[in-house]
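Dear colleague,

I am passing on the structure we spoke about. Please look through it first; my notes on what was found follow below.

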Amino acid sequence: PVAAPTRGTYTVVDPEVGDVLEVHEPSPTLGDDECEALVAAAADSFAGAAVAVIAGSLPAGAPPDLHARLARAASAAGAFTVVDTSSAPALERALATRPDLVTPNAAEAAALLGGAQPLEAMARALRERGARAVWLSAGPDGSLLADGAGVWHLAAPPPARVVNAVGCGDALVGGLAAG
């Protein structure tokens with residue numbers, strides 16, 4: 001097995017059979033003062049940043065507008081702002097800040113939009129709600145990038161064998177941010 005420990009999560013993947021064991025430790029509860037301190041510290045760190053990625057789920061106790069507040073601070077600092085969250089309430093509020101890019105997977109977009117739709121329709125709906133560009137990942141169906149200039153369907157040749165897809169979306173966002 002291959003183990004990849006991260007803060008709060010421990011993932012074990014058996015490459016022979018593809019079994020996955022994930023142990024998610026609950027996040028600490030964040031109070032209002034801690035959220036304020038986080039936003040202030042992040043705002044300071046956004047100064048001079050070319051790209052800011054606001055990612056992750058909402059910690060326990062955090063208000064649903066935490067991602068929106070962080071995105072607003074990143075945008076005010078002049079950073080290209082990317083929002084990547086699995087929380088529909090957080091994504092909904094972040095869209096109101098008009099982020100440069102949102103990167104939900106198809107299931108996350110469907111959860112916000114009230115059900116599955118064709119990828120282009122979901123991307124259009126997310127742009128209508130405020131995103132300047134949308135990159136929807138769709139697992140083996142590739143992904144779709146939509147902005148004011150057009151829509152592009154992207155797909156790679158299928159891998160010989162899929163062991164585990166955990167982290168694929170994070171890798172996509174990391175590559176986008178680095179690029």
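At 54% relative accessibility, His153 counts as exposed, since exposed means over 50%. This is a predicted model, so please read everything here with that in mind. His153 belongs to strand E9, which covers residues 150-154. Apart from neighbours within four places in sequence, the contacts of His153 are Glu120, Ser143 and Leu144.

**The chain as a whole**

The protein chain has six helices and nine strands. Of its 179 residues, 36% are buried. The accessible surface is about 10000 Å², and carbon and sulfur atoms account for 57% of that surface. Taking contacts between residues at least 6 apart in sequence, 48% link residues at least 24 apart.

**Helix H2**

Helix H2 runs over residues 66-76, and eight of its eleven residues are buried, so the helix is largely enclosed by the rest of the structure. Which residues of H2 are buried? They are Leu66, His67, Ala68, Arg69, Leu70, Ala71, Ala73 and Ala74.

His67 sits in H2 and has a relative accessible area of 4%, so it counts as buried. Leaving out residues up to four places away in sequence, His67 touches Ile54, Ala55, Gly56, Ser57, Leu58, Thr85, Ala90 and Ala94. Just after H2, Gly78 has a positive phi of about 90 degrees.

**Arg98**

Most residues other than glycine have a negative phi. Arg98 is not a glycine, yet its phi is positive, at about 55 degrees. The residue lies in the loop that joins H3 to strand E6 (101-102). Is Arg98 buried, exposed or partly exposed? With a relative accessible area of 41%, Arg98 is partly exposed, because that class lies between the 20% and 50% limits.

**Helices H4 and H5**

Two packed helices are described by the angle between their axes and the distance between the axes. For H4 (residues 106-113) and H5 (residues 119-128), the axes come within 10 Å and cross at roughly 60 degrees. The two helices are therefore oblique to each other, and the crossing of H4 past H5 is left-handed. On the H4 side the contact involves Ala106, Ala109, Ala110, Leu112 and Leu113, which meet Leu119, Met122, Ala125 and Leu126 of H5. The residues of this contact comprise nine nonpolar, no polar and no charged.

**Helix H6 and Asp170**

Asp170 is in helix H6, residues 168-178. Its relative accessibility is 56%, so Asp170 counts as exposed. Asp170 and Thr103 are 67 residues apart along the chain, and their C-alpha atoms are separated by 9.5 Å.

Regards

Conventions: Residues numbered from 1 in each chain as written. Predicted model: local features only at pLDDT ≥ 70, side-chain atom pairs only at ≥ 80, totals over all residues. Heavy atoms only, no water. Buried < 20%, exposed > 50% of the residue type's maximum accessible area, 1.4 Å probe, protein only. Helix = DSSP H or I, 4+ residues; strand = E, 2+ residues; numbered from the N terminus. Axes fitted to C-alpha atoms, helices over the stretch in contact; angles between N-to-C directions. Parallel < 35°, antiparallel > 145°, perpendicular 65-115°, else oblique. Left-handed = near helix turned anticlockwise from the far one by under 90°. Contact = heavy atoms within 4.5 Å. Nonpolar A, V, L, I, M, F, W, Y, C, P; charged D, E, K, R; others polar. Areas by Shrake-Rupley, 256 points an atom, 1.4 Å probe, with all protein chains shown as cover.
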